[in-house]
Amino acid sequence: MAGEVLDEVVQMLVEVVGEDFLLDVEVGPQTTFNEDLALESIEFVALAEKLQQRYGERIDFAGFLAGMNLDQIMTMTVGDLVAHVESRLPDPVG
Amino acid sequence: MGYMSVRGARFHVVDLGPEAGEPVVMLHGLFTGSAASWYFTAAPAIARHRPVRLLDWRGHGLSERTPSGYDSAGMVSDLAELTAGLPPFAIAGHSWGAVVAIRFALGNPGRVARLALIDPPVTAPVKRTRRFFRDRGGPRGTQLSDLVGPPTRGTRMLIDHTTVLTDLAADPPVTEAELARLAGTPVLAVVGSRSPFRGAADLVGRALPDASCHVLGGGHDLHISAKGRLTPLLVDFLVGGA
């Protein structure tokens, strides 16, 4: 499963902000939404909605945010988000 | 992603939390506000207990920018359409969102179960807004760090290509008599100690002696600057200590 969620998150980012905006950025786990991607706050909401749509309520992105202060939200990396999603997915069988 | 097309515009709506329980509709302020204003502040804590609906007003966030329709009466009608499917609900409104909430409650008896007014601009003329933006320079990008901040591209488009400023300037101010007519609806009013609208707590207190009024250290954007103190106040009021 390693990398699958990351790939999906990157694809969702492309859908949210448009391919042109991501041309110069190699998105990886260390990429920050605010500093590196200059993601608008409402775009972050749109990304969260896509995650919810894709993975369902178990993602509980709002619950994830409820435990964070604004500084933590602003320094969140793509890897932080991917780790949260992966922690909510069922363990692979076998 | 949720969109609703009503009254000639496509609105972005975000639903959070459980399906059961009294819904809480959270309304953002104009210009720098959007559904993100609450999404990244108090909404997640409330959504642990109650269904929460966030929306982007027309011209804001991911909702359509229309040339006009930014007066409180028009926005009350927008809100009525965007909440038509909900049972009676609570509202938390920041800034102009609070003004719309007050007028929605007055015009729709029985629809609003409780009302949280966060730094409602009911004591200072709204025309300050024009100076606020003139003094803060030109457009720039809206990053996550700019939940509140100087004018953004979207804000500049809103100001330059819609009637928003003239709509606001022409809107009749909320009066003490209007507020008094909310008696019977539980009201929480929270203002910032350094906000131009700090006096709103006194006005609400005079009009509604049963209202719960608080002054928190901070400016106009309390949901951000005083997130740690405002959020529990809102949870207590909206959820009843659940």
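User: How does the radius of gyration of chain A sit with that of a compact globule of 94 residues?

Analyst: This is a predicted model, where local features need pLDDT of at least 70, side-chain atom pairs count only at pLDDT 80 or more, and totals for chains, interfaces and linings use all residues. Residues are numbered from 1 along each chain as its sequence is written, with chains lettered from A and ligands numbered from 1 in the order in which they are written. The radius is taken over C-alpha atoms, and the globule rule is 2.2 Å times the number of residues to the power 0.38. That rule puts a compact globule near 12 Å, which agrees with the value for chain A, 13 Å.

User: What pattern does chain A follow along the sequence?

Analyst: Helices (H or I, at least four residues) and strands (E, at least two) are DSSP runs, numbered from the N terminus. Chain A has six helices and zero strands. Read along the sequence, that gives α-α-α-α-α-α.

User: How much of chain A counts as buried?

Analyst: A residue is buried if 20 or more other C-beta atoms lie within 10 Å of its own, exposed if 12 or fewer, and partly exposed in between, with C-beta atoms placed from the backbone. Of the 94 residues of chain A, the buried part is 31%.

User: Is H84(A) buried or partly exposed?

Analyst: H84(A) sits in helix α6 (residues 78-88) of chain A. In space, H84(A) is 8.6 Å from F61(A), C-alpha to C-alpha, though the two are 23 residues apart in sequence. Because 18 other C-beta atoms lie within 10 Å, H84(A) is partly exposed.

User: Which element gives the largest share of the side of chain A that touches chain B?

Analyst: Two residues are in contact if their C-beta atoms, placed from the backbone, lie within 7 Å. On that basis, 19 residues of chain A are in contact with 24 residues of chain B. The elements of chain A giving two or more residues to this side are α3 (41-55), α4 (61-66) and α5 (70-74). The largest share, seven residues, comes from α3(A).

User: Why do the buried residues of α3(B) line one face of the helix?

Analyst: In α3 (residues 72-82) of chain B, the buried residues are M75(B), D78(B), L79(B) and L82(B). The arc is that of the directions from the helix axis to the C-beta atoms. Seen down the axis of α3(B), these residues line one face because they fall within an arc of 95 degrees.
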